[in-house]
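I opened my notebook and looked up a few things in this structure. Here are my entries.

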Amino acid sequence: MKAAVVYEKNDIRIAEVPRPQAGPGEVVVRVMASGICATDVKILGGAGIPAELPAILGHEVAGTIVELGAGTRESGLFAGQRVAVYPIAACGECFYCRQGRNSLCLQEHGLGHGDDGGFAEYVRVPPEIVRLGGVIDIGEMQFDLAAMIEPTSCCIAAAEQCKTKAGDTVVVVGAGPLGLLHTIVSRARGADVVCVDVNEARLVTAQRVGALRVVNPEREDTLEAVRELSGLGADVVIAAVGVPRVMENYLPLVRNGGVFNIFGGTPRGEKMTVDPRWIHYGEIVLTGTFASSVQQFHRAFDFVRDHADDIEAVISTRCGLDDILGAVQRVQAGEGTKSILMFSG
């Protein structure tokens, strides 16, 4: 089969590799759509590059089951089923899994992270994912939309962590694909959303998907704009960027008693400065989220189905596997929003 294989930092090539076979408890999915995440691009640049190379990235996967291994009969899965795949192979039994926090599993691995991922014509789904119920039926949902279930689930996890509710003012810093999804999720929970970015085209999309206010910080004062809307400041700020100094600049947007969520992954070793007196006397909640639980993944399927038009608006590019280098370069340049790899049936 054809796959986009990472051989080393900044070295990804289209290659012929053996098609995976389903072992006990596993299923093999023919990939029909696979989202390109900013995390994948960071990994290619050397941030969190897999310890064992060569490797295949891609954790936002939808496709059709083509093979089931021994012991999967009770899973309810079947050949030909149209599915989306939760990417985290969590054990389901450790301290964190028992709390429903699969992303913090003490033994986790998964697609594009220890196991070959979805930048390939076929992907083998580990037995842990199958046991968790992480291979879900998508019915007639379009495969490109189904590939958006995983990133949407991460935004749902953040909203639940921040306890976003109707009447809140939520500031989303960064109007990239995940920032736009945060906008959609927060708006659906009844919040007024302010989206902040220097990319005017992305701000237009943010308004299209429900942002009440958009701010280009190169043209106006963000804090003033937020306080004009909310009076005291934001109830929730979601930093959907991966640059600590940018995050640090937006800490003052949070009102006393509010929540600041670090969502964008940052380079290892980089720091930001936080005044502990601000946290203490302002009773600020400083938190972070990066992934989701399998339950949130299931809820994200329902959400994507119910908000298909808005989710569709986040997708700017659909391309073939042979164009993955171009897609990566577009992500690095901030061109468009979400890119989805599409495979022919």
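I began with contacts (heavy atoms within 4.5 Å). Among those in the chain between residues at least 6 apart in sequence, 67% join residues at least 24 apart.

I noted the ground rules next. This is a predicted model, where local features need pLDDT of at least 70, side-chain atom pairs count only at pLDDT 80 or more, and totals for chains, interfaces and linings use all residues. Residues are numbered from 1 along each chain as its sequence is written, and side-chain values use heavy atoms, with hydrogens and water left out.

I looked up overall size. The C-alpha trace of the chain spans about 60 × 40 × 40 Å along its principal axes. For 345 residues, a compact globule would have a radius of gyration near 20 Å, and the chain agrees, with 20 Å. That radius is taken over C-alpha atoms, and the globule rule is 2.2 Å times the number of residues to the power 0.38.

I checked burial. Of the 345 residues in the chain, 55% are buried. Buried means under 20% relative accessible area, exposed over 50%, and partly exposed in between (1.4 Å probe, protein chains only).

I turned to charges over rings (NZ of Lys or CZ of Arg within 6 Å of the ring centre and within 35 degrees of the ring normal). Arg-13 lies over the face of Tyr-7, at 3.9 Å from the ring centre. Arg-19 lies over the face of Tyr-122, at 4.2 Å from the ring centre.
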